[in-house]
Structures are given as C-alpha cells and as structure tokens.
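Please open the model in your viewer and keep the sequence beside it, so that each selection can be followed in both places.

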Amino acid sequence: MLNLTMSSALAIVVVTMFIGDIISTLSKGRIPQMLVVAVIFLIGYWTIFPKDILDIAGITTLANIMMSFILIHVGTMFNIKDILNEWKVVVTTLAAVAGIVLVILIFGTLLFGKETAFTAAAPMTGGGMAALIMKDAATAAGLPELGMLAMMIFIMHGFFGFPLTATFLGKESQRLLNVFRQNNHEQSETPAQKTDNTVENIDENNNNYRPFYEMVPERFQTPTYYLALLAILGFVCSKITEITGINNAIVQVFVGIILSYVGLLEPKLMDKTASSGILNLALFASFMSSFAMATWDVLIALLIKIVVLMVLALIAIFISTYFLGKLFGYSPQMTFVIGLNCFLGFPFNFALTTEAIKGATDDPAEINYLTAYLMPKMIIAGIVSVSLVSAILAGVFASIAFT
C-alpha cells in the first residue's frame, strides 16, 4: 500500500477525477466519468490505494460540507413558473418516477428482498444525491454492500440511458423536422416559445416586485456572503430535522424551494460561492468510499442485480408514460425520452439533446425550432426527476428501508 500524505492523496484523487473527465469528454458522454473513476478506484483499492485514501485527502470532510449545502441549492433551482408552463412534462416525468418506484419495490422485493428494493428505488429514479443518501443510510445500518449498490446504480445509469436517449431523440428530431418542412416553415410558435412569452407577460405584470436578494448591496454579495447564508440555512435545517424528525434531505430541498419562491434566496445559490468546483469534486469523489471493501464476488453479484433492476425500470418507464403521452399529444419516442431523464439529468440531457439536433439538421431555422421544442422538456424533466424528486424519495426511503 502507498504511504500517503494529505497532499499526495489529494493529488491522486483529483487526477483520477480528471482522467474520468477526459475520457467522458472524448467519448461525448458515452463512457460516464464516474464509471472510469470507479474502475480506477476499484483497481487501486485492490492493489496500492489505502482504504482510507479519501479521509487522508480531506475529501470526506469536504463532501460533508457539500452535503449541507447542495440540497438547499437544488431547491433554489426549482422554478415554479417554468414547471407550471410545462406541466405536461412534469406529469409525464412523475408518472415515470412512480412507475419505476412501484416496479422496483414490488419485483425488487420479490427477487432480492425489501432492503435491496428500497435501497435501489430512489437512486433508480436518478441523481447522485439520492444514491449518496441511500449509501449513507445503508452504511449506518451495517450494510455497506447495499451502499455500494446505490452508488453503482448511479454510475451505471449512463450505460443504459445514454444510447437509448440518443436513439429516440434522433427519431423525434426527424419526426419534428418532417412536420416543420411539410408545413412549409409556417409552423405555429412552439410551446417553448409560448412559455417565454408567458413568462415575459408575468414579469411585466409584476415589474414593481423586487425580491429580497436583489436588495442586498452588490458590494456585499461576495462568496463569503453566500457561504455564510448556506451555512446558516444548513444549521436551521438540522434543527428542523431534530424537532420534526423529518429527514434532513427533504427539509433542505423544501427550504430551498420556499425561500427561493418568496425571493429570499436567488436561484442556483452554490454557483455564487466561487467554491462549487472543489466542493462538487469532493462530493462525487466521496462516492468511491463505497468500493473500499468491495470484493470481486460482491461486485459481480451486485452487477447482476443492477442489470435486472435497470431492465425492470426501463419497462416501467415505457408502460407508465405511454398512454399518458398519447393523451398529451406526445409521440411515443418523445414520451419515452422524457421518462428517460430519470437516467440522465443535467448536463447529460442537455448534451444529448444538442447532439441529436446537430445530427438532424444544419439549417439554423430548423435548429432553432428543434431546440425551442425539445430543450425545455428535457431540462425540466431532468430537474423534476433527478434534482428534486429522487432526493426527496431517498430521504423517505432512508428512514424506512432498514427498520
């Protein structure tokens, strides 16, 4: 085993994350960064990495700090106006989430037991935060292999979600272009454009309203101000959890939503701290702690479970959204792609949508048309499933999975 200092351990962790980033970029996201990182860490743990390399590097402490901030930040991303304007997308996404949870809890319990099913259900609907919440709950319950299951689901999502999303987005782009061209470029404005106009009208009607965060003098809007705000809110959320018994993840998300909606917090708060890069890196690197005690036999057993659960989840997405999509006037491929955001999230849904549009046409007018129609649906579906609902579900299931 390597004899590491804090600086050498941190260098290894950060370089490993960078290697994963390079390979993911070169493969255009087809090989997820976290899969590359997981493979490197697994090989490292089996050979020269000390089991506590993340503790030595200080990553665990940084990740704990990030955990107290990120879910409040996620809540501030929840734009109620946008959600209301694309309510059909929201309903379709929630149907996909409900289908996944129902199928995983029923068939997962029958095949692998209650603890495995509940551990897998929330991460299966998307999001690293959901996986991390379930990992921590499983580890605290003395079941680290289930914590590893949650993290591997998050890591493996891309292998199932990316190719399917790329294929069906390509088909939907071609279908939309055929309609656009058949109408001789007289297609009425897209729902996304209507959304923009609606927002403009709302803003015009409320042009006298000034949210509280805009009243803070600009010279005081420093990274330290935003970090202090997040730290105070994190403390308040912990006290609410102590008093109510509600899972802290759920409290943090809803505090972010409510305070952002009433104008006390501005959207995407973490982006203002000038520290989100290192904190995000620490958060995602901390996922690798699940593999410290992994053996080859455990890994193979978990992979078999994950493949079965992933296939069940994909079937659930298709069945739970198909008829709803027809009711809303979506094509089958558009409906399925909205549901597949449970396997994606930002920025992967953005990148895959951009790639599909570029692959469909070079005409600027057609690119604008496809972007205006497809992009809002993909982004909102990702926010609802990956950023919001999955974290809330994880908070609920973490409280009941191991009792």
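This is a predicted model: local features need pLDDT of at least 70, side-chain atom pairs count only at pLDDT 80 or more; totals for chains, interfaces and linings use all residues.

**First stop: helix 13**

Select residues 276–286, which form helix 13, and look for Ser276, Leu279, Ala282, Leu283, Ala285 and Ser286, which are buried (under 20% relative accessible area, where exposed is over 50% and partly exposed lies in between, with a 1.4 Å probe and protein chains only). Helices here are DSSP runs of H or I with at least four residues, strands are runs of E with at least two, and both are numbered from the N terminus.

Residues are numbered from 1 along each chain as its sequence is written, and side-chain values use heavy atoms, leaving out hydrogens and water.

**Second stop: the whole chain**

Now show everything: the chain has 17 helices and zero strands, and buried residues make up 51% of its 403 residues. Of the contacts between residues at least 6 apart in sequence, 83% join residues at least 24 apart.

**Last stop: Trp46**

Finally, select Trp46, which is found in helix 2 (residues 33–46). Is this tryptophan buried or partly exposed? Tryptophan 46 is partly exposed, because its relative accessible area is 38%.

Terms used
Contact means heavy atoms within 4.5 Å.
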